[in-house]
Amino acid sequence: MAALRAYADIDFYPPWQATAPCTGRGRDMDPDERAPAEVARARAICHDCPVLERCREWIAGIPLAADPGGVIAALTFHEREELELAKQPPRTCRTCGEPKPWRAFPPAKRGRPGRSWHCRTCHNARDRARHAKRKAPQ
Ligand code: SF4
Ligand SMILES: [Zn+2]
């Protein structure tokens, strides 16, 4: 994901956000998602925000590809991604042909929205088969 630009630099931010407690705190609002204390600090800023509900509606209307990242409306980027994926119709696995929810597909570096076309079950089976082939005596 692209690094979060400073909040003040995001030109599509709505005017009502200018007085929100996150303004000018781009660093605090872009925590390392693997650091729970940092994430909790950013969420606390949102929880004290008078426009939290408005902000939640606003970010829900922005496509994931245009999402600026960081904590917004008390949600991390990955939480917003999960919510977005949960709204998508099931995807058909190109290996087993079964329709499955998006979260059944592992993340992929390429493609949008960044999920493999093969479900986790098929991925794991393929990995096991490759591993067994490598271990087999020649
Ligand atoms: S809810 Fe959070 S991200 Fe949204 S305007 Fe308020 S402080 Fe900023
Ligand atoms: Zn499959």
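Reader: In this predicted model, is Ala73 buried or exposed?
Author: The model is a prediction. A residue needs 20 or more other C-beta atoms within 10 Å to count as buried. Ala73 has 20 other C-beta atoms within 10 Å, so Ala73 is buried.

Reader: Where does Ala73 lie, and which residues does Ala73 touch?
Author: Ala73 sits in the loop between H2 and helix H3 (77-87). Leave out residues up to four places away in sequence. The residues that Ala73 then touches are Cys46, Leu52, Cys55, Arg56 and Ile59.

Reader: What is phi of Ala73, and what is phi of Ala74?
Author: Most residues other than glycine have a negative phi. Ala73 is not glycine, yet its phi is positive. Ala74 also has a positive value and is not glycine. Phi is near 55 degrees for Ala73 and near 70 degrees for Ala74.

Reader: How does Ala74 count by its C-beta neighbours?
Author: Ala74 is found in the loop between H2 and H3. A residue is buried at 20 or more C-beta neighbours and exposed at 12 or fewer. Ala74 has 17 inside 10 Å, so Ala74 counts as partly exposed.

Reader: How far apart in space are Trp58 and Ala73?
Author: Trp58 lies in helix H2. With 17 C-beta neighbours inside 10 Å, Trp58 counts as partly exposed. In sequence, Trp58 and Ala73 are 15 residues apart. In space, C-alpha to C-alpha, they are 9.1 Å apart.

Reader: Which residues make up the largest nonpolar core?
Author: In soluble globular proteins, nonpolar side chains tend to be buried together. The largest nonpolar core here has 10 residues. They are Ala20, Cys22, Met29, Ala42, Cys46, Cys55, Val71, Ile72, Ala73 and Leu75.

Reader: What surrounds ligand 1, and which elements give two or more residues to the shell?
Author: Ligand 1 is surrounded by Gln17, Ala20, Pro21, Cys22, Ile45, Cys46, Cys49, Val51, Leu52, Cys55, Ile72 and Ala73. The elements that give two or more residues to this shell are helix H1 (36-47) and helix H2 (52-60).

Reader: How many residues of the shell around ligand 1 are nonpolar, polar and charged?
Author: Gln17 is part of the shell, and Gln counts as polar. Ala, Val, Leu, Ile, Cys and Pro count as nonpolar. The shell divides into 11 nonpolar, one polar and no charged.

Reader: What pattern does the protein follow along the sequence?
Author: The protein has four helices and two strands. Read along the sequence, the pattern is α-α-α-β-β-α.

Reader: What should helix H4 span, and how many of its residues are buried?
Author: H4 covers residues 120-135, and its end C-alpha atoms are 22 Å apart. At 1.5 Å a residue, its 16 residues should span 22 Å, which agrees. H4 is hardly covered: its count of buried residues is one.

Reader: Which residues does Arg120 touch?
Author: The place of Arg120 is in helix H4. Arg120 is partly exposed, with 14 other C-beta atoms within 10 Å. Residues up to four places away in sequence are not counted. Arg120 touches Ala104, Phe105 and Pro106.

Reader: What is the mean pLDDT of the protein, and where is the pLDDT below 50?
Author: The mean pLDDT is 86, and 88% of residues reach 70 or more. Where pLDDT is low, the predicted coordinates should not be read in detail. The pLDDT is below 50 over residues 1-10.

Notes
Residues numbered from 1 in each chain as written. Chains lettered and ligands numbered in written order. Predicted model: local features only at pLDDT ≥ 70, side-chain atom pairs only at ≥ 80, totals over all residues. Core = buried A, V, L, I, M, F, W, Y, C linked by C-beta atoms within 7 Å. Contact = placed C-beta atoms within 7 Å. Expected span 1.5 Å × (residues − 1). Near = placed C-beta within 6 Å. pLDDT = per-residue confidence, 0-100.
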